[in-house]
Amino acid sequence: MGGYVQSATISDIVHLAFNCREADKQECLAHSGQIPLFALYGAFVTSKESYTGFYNKRLVCCYGVLDNGCIWMSATPYIESVPMTFLRHSKLKLKELFNRYEIIWNFVDARNVVHIKWLKWLGFTFINKHNQYGVGRLPFYEFVKIKE
């Protein structure tokens, strides 16, 4: 079957919220103080656009972008089973997003080593470390990428 991306639905968000990676769960709590269900629902309803990535009909991740270019993404542990497909698709999808946004940015939990490595691989620049960010007052990195 392979991998594909489609517009996210509320059922995708609910499925992801109950099946997200532990690091993503901890990031939701540290950032907003909310469990993934509420944090992801909030991101979904405020996004200008949001998508779900699947592989062999299994949900891999959901991501979206707000009007101002603030991007978010959360994944299930299944992402670890399809790393090359995920990486290939993420480069393509980021390139597509730059057709609509001049700048893409957000904050990432400093403990979320996998996301930080992925963001660096995608070419994001880490511009600031906030030592007491979010409700949890934990270290977060601010990252950004500007359209080339």
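Which helix supplies the largest share of the lining of the largest pocket, and how many residues does that share hold?

Author: The helix is H4, which spans residues 83-97 and contributes seven residues, the largest share of the lining of the largest pocket. The model is predicted, so local features need pLDDT of at least 70 and side-chain atom pairs count only at pLDDT 80 or more, while totals for chains, interfaces and linings use all residues. Residues are numbered from 1 along each chain as its sequence is written, and side-chain values use heavy atoms, with hydrogens and water left out.

The space of the largest pocket amounts to about 880 Å³. A pocket is an open set of points, on a 1 Å grid over the protein atoms alone, where a 1.4 Å probe fits and protein lies on both sides within 12 Å along at least five of seven lines; lining residues have an atom within 4 Å of a point. A volume is the space filled by probe spheres set on the points, which are joined across faces, edges and corners. The largest pocket is lined by 47 residues, and the closest to its centre are Ile 71, Trp 72, Met 73, Ser 74 and Asn 106. (Ala, Val, Leu, Ile, Met, Phe, Trp, Tyr, Cys and Pro count as nonpolar, Asp, Glu, Lys and Arg as charged, and the others, Gly among them, as polar.)

The volume of the second largest pocket is about 300 Å³. Among the residues that line the second largest pocket are Arg 21, Met 73, Phe 86, His 115, Trp 118 and Trp 121. Its lining consists of eight nonpolar residues, one polar residue and three charged residues.

The aromatic rings complete the picture. Nine aromatic pairs are found in the whole structure; rings of Phe, Tyr and Trp (its six-membered ring) pair if their centres lie within 6.5 Å, with planes under 30 degrees apart called stacked, over 60 edge-to-face and the rest tilted. Tyr 4 and Phe 54 form a stacked pair, because their ring centres are 5.2 Å apart and their planes stand at 20°. Since Tyr 4 belongs to strand E1 (residues 3-7) and Phe 54 to strand E2 (residues 49-55), this pair ties together parts that are 50 residues apart in sequence. Tyr 4 is partly exposed at 27% relative accessibility, whereas Phe 54 is buried at 12%. (Buried means under 20% relative accessible area, exposed over 50%, and partly exposed in between, with a 1.4 Å probe and protein chains only.)

The pair of Phe 126 and Tyr 141 is edge-to-face, because the ring centres are 5.9 Å apart and the planes stand at 90°. Phe 126 lies in strand E6 (residues 125-133) and Tyr 141 in strand E7 (residues 138-146), so the pair ties together parts that are 15 residues apart in sequence. Phe 126 is partly exposed, at 24% relative accessibility, and Tyr 141 is partly exposed with a relative accessible area of 24%. Finally, Trp 105, Phe 107, Tyr 133 and Phe 140 form one aromatic cluster.

Technical notes:
Helices (H or I, at least four residues) and strands (E, at least two) are DSSP runs, numbered from the N terminus.
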